[in-house]
Amino acid sequence: MYATPSMRPIFGTAFSRVVRVAHQHQENSLAPAVARAVQILTILAEAQGSPQSLAELARALGAAKSSVSNVCTELEEARLVHRTERGYSLGRRTVELGGSYLATFDQVREFYRVVADSEVLRNELVQIAVLDGVEALYLARHEGRAPLRLTASIGEKLPASLSAVGVALLAQMDLREVDALYEGVEMPRLTERSASSLDALHRKLEITRERGYSLDRGEVFPNAIGVAVAGPTLCLGDVPFALCVSTFDRSGAPDLSPEALERIVAALHETARLLSNPMTGRALAAR
């Protein structure tokens with residue numbers, strides 16, 4: 001994840017939400033030590049690479065430093081956290097576990113090859129994501145040109161109601177499911193363009209269903225444009241995914257012409273189709 005100072009305020013709300021959820025989870029847990037370990041790992045992940053001291057972790061969890069220290073020691077021995085003079089950060093073992101998780105998705109294994117083979121997408125910044133509650137979790141990232149710093153990195157989460165991939169995935173759900181998902185959830189607002197009400201989200205989902213793709217113009221990052229389509233699920237139990245191309249809106253003028261937008265949407269739909277049917281993709285690669 002990028003940890004530039006300009007991005008930290010954007011994720012402050014998410015960090016606070018993680019701490020609140022951590023307290024609730026601790027209170028309801030049947031295994032407090034395990035719950036506390038999960039809380040620590042989650043807080044370190046949301047810190048975006050900034051080491052957290054023992055005092056900071058204890059304060060965030062509302063727990064005694066001695067109790068938090070015991071859990072951190074076990075996590076350090078398991079290589080799930082790494083300790084330096086500045087504090088704790090995630091350990092390399094989390095990368096191994098994340099890689100094992102990603103290996104279960106055929107779409108991620110095929111993503112890089114299929115995107116590289118696309119004449120339209122190979123030079124674009126393309127990402128694949130899935131829903132994780134009310135957030136979009138980014139699983140893979142292809143950088144065809146110079147990387148855009150103000151976009152999500154692998155393993156990062158962004159609000160589903162604002163991000164192009166999140167809206168594309170939510171548009172596949174029934175409105176009653178969407179309402180249930182957001183019941184009691186405070187709608188985030190990250191920029192002046194962010195839609196921050198359930199009614200506004202409903203309108204975006206309706207437009208997305210009508211045109212077959214979602215469009216984010218500066219709702220997560222100012223001047224960033226995201227175009228996304230959802231991939232079809234062929235089998236019961238498949239994890240729904242979405243593909244997104246990200247670019248910039250320069251000097252207030254759209255960076256994507258109608259023709260370029262049409263080409264990108266068509267290429268995203270074709271890539272989603274290939275990723276949803278691995279046998280088709282492999283057959284094409286063998287030609």
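**How we name what we see**

Mentor: Valine 167 is buried, with a relative accessible area of 4%. Keep in mind that this is a predicted model.

Trainee: Why is valine 167 called buried?

Mentor: Buried means under 20% relative accessible area. Valine 167 has 4%, so the word applies.

Trainee: Where is valine 167 placed, and which residues does it touch?

Mentor: Valine 167 belongs to helix α7, residues 164-170. Not counting residues up to four places away in sequence, valine 167 touches Ala160, Ser161, Leu162, Lys204, Leu205, Thr208 and Ser214. There is also a pair to look at: valine 167 and aspartate 216 are 49 residues apart along the chain, and their C-alpha atoms are separated by 8.8 Å.

Trainee: Let's move to helix α3. Which of its residues are buried?

Mentor: In α3, residues 54-61, the buried ones are Leu57, Ala58, Ala60 and Leu61.

Trainee: How do you know that they are on the same side of α3?

Mentor: Look at the arc they cover around the axis: it is only 165 degrees, which puts them on the same side of α3.

Trainee: What follows α3?

Mentor: Glycine 62 does, and its phi is positive, near 65 degrees.

Trainee: What makes α3 and α4 roughly perpendicular?

Mentor: Their axes cross at roughly 110 degrees and come within 9 Å, α4 being residues 65-77. Angles of 65 to 115 degrees count as roughly perpendicular, and therefore α3 and α4 are described that way. Their crossing is right-handed.

Trainee: Which residues make that contact?

Mentor: From α3 come Leu54, Ala55, Leu57, Ala58 and Leu61, while α4 brings Lys65, Val68, Ser69 and Cys72.

Trainee: What makes up the largest nonpolar core?

Mentor: This core has 28 residues, and those with the most contacts inside it are Phe111, Ile128, Val227, Leu243 and Leu268. The elements giving two or more residues to this core are α6, β3, β4, β7, β8 and α10. Of these, α10 gives the most, with nine residues.

Trainee: What is leucine 268 in contact with?

Mentor: Leaving aside neighbours within four places in sequence, leucine 268 is in contact with Leu121, Val126, Val227, Ala228, Val229, Leu243, Cys244 and Val245.

Notes. Residues numbered from 1 in each chain as written. Predicted model: local features only at pLDDT ≥ 70, side-chain atom pairs only at ≥ 80, totals over all residues. Heavy atoms only, no water. Buried < 20%, exposed > 50% of the residue type's maximum accessible area, 1.4 Å probe, protein only. Helix = DSSP H or I, 4+ residues; strand = E, 2+ residues; numbered from the N terminus. Arc of directions from axis to C-beta. Contact = heavy atoms within 4.5 Å. Core = buried A, V, L, I, M, F, W, Y, C linked by side-chain atoms within 4.5 Å. Axes fitted to C-alpha atoms, helices over the stretch in contact; angles between N-to-C directions. Parallel < 35°, antiparallel > 145°, perpendicular 65-115°, else oblique. Left-handed = near helix turned anticlockwise from the far one by under 90°.
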